Amino acid sequence: MQPDLTNQHSCCSNGACEISISQITASAGLCPASGSKGRRVDGATVKAMLAVSLTEVRDAPYFFCKDADCPVVYFSDDGTQTFTKDQIRERVYQKEPDSDDVFVCYCFRHTPGSIRAELIATGESTVVEGINAGIQAGQCACDIRNPQGSCCLGNVNAVVKAVQQTMKVEA
Ligand SMILES: [Zn+2]
């Protein structure tokens, strides 16, 4: 089944992120480099993210490889074409999950470091409610700003929890 990419843009505005992500995962291909299961991305996301000439882009379905140990960011459905980290305009959160200065939210420019700084300074995190407010205000553009091509909230929530966990351990 092809994922319904026509509603991808509205994924962030209607709260249906979980549904659209699971639909995308269900139709995933396998990365030719790592063998990891890819997540289907819209061609518009690939075009927005590439740092190479778009003459390279094929009229083919593309997938996103989120494996941190794999240099491939996007691959074509038949596995014959890959775009690696150095061919992407953005640093990719999934490829360097331990970096403090990589964006985890590309629309409102939050990083693991900025999320940690707020938690240390105030003891709480307003990042998720801030992003939700931005989504409500129609300011979110995950489909073309986030390399994964979909809403960042799952990743942001995971970062908040992970930072809180390390603060507990250190306390
Ligand atoms: Zn891969």
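A residue is buried if 20 or more other C-beta atoms lie within 10 Å of its own, exposed if 12 or fewer, and partly exposed in between, with C-beta atoms placed from the backbone. I keep that on my first page.

**Setting up.** I am looking at a predicted model, where local features need pLDDT of at least 70, side-chain atom pairs count only at pLDDT 80 or more, and totals for chains, interfaces and linings use all residues. I number residues from 1 along each chain as its sequence is written.

**Overview.** I found 6 helices and 4 strands. Helices (H or I, at least four residues) and strands (E, at least two) are DSSP runs, numbered from the N terminus. Along the sequence I read α-β-α-β-β-β-α-α-α-α. Of the 171 residues, 33% are buried.

**T126.** Is T126 buried or exposed? I counted 12 other C-beta atoms within 10 Å, so T126 is exposed. I located T126 in the loop between α3 and α4. Its C-alpha atom is 9.8 Å from that of V160, although the two are 34 residues apart along the chain.

**α4 and α6.** Next I turned to helix pairs. Two packed helices are described by the angle between their axes and the distance between the axes. Axes are lines fitted to C-alpha atoms, for helices over the stretch in contact, and angles run from 0 to 180 degrees between N-to-C directions. The axes of α4 and α6 come within 10 Å and cross at roughly 165°. That makes α4 roughly antiparallel to α6 (under 35 degrees is roughly parallel, over 145 roughly antiparallel, 65 to 115 roughly perpendicular, the rest oblique). V127, V128 and I131 of α4 meet L153, V156, N157 and V160 of α6; residues are in contact if their C-beta atoms, placed from the backbone, lie within 7 Å.

**α3 and α6.** Helix α3 (residues 112-122) packs against α6 at about 50°, with the axes 10 Å apart. This makes α3 oblique to α6. From α3 I listed P112, I115, R116 and L119, and from α6 V159, V160, V163, Q164 and M167.

**The core.** Which residues have the most contacts inside the largest nonpolar core? I noted C65, Y74, C152 and V156, in a core of 32 residues. A nonpolar core is a set of buried Ala, Val, Leu, Ile, Met, Phe, Trp, Tyr and Cys residues joined through C-beta atoms within 7 Å. Among the elements that each supply at least two residues of this core are β3 (72-76) and α6 (153-170). Leaving aside neighbours within four places in sequence, C65 has contacts that include C31, C70 and F75.

How values were computed. Two residues are in contact if their C-beta atoms, placed from the backbone, lie within 7 Å.
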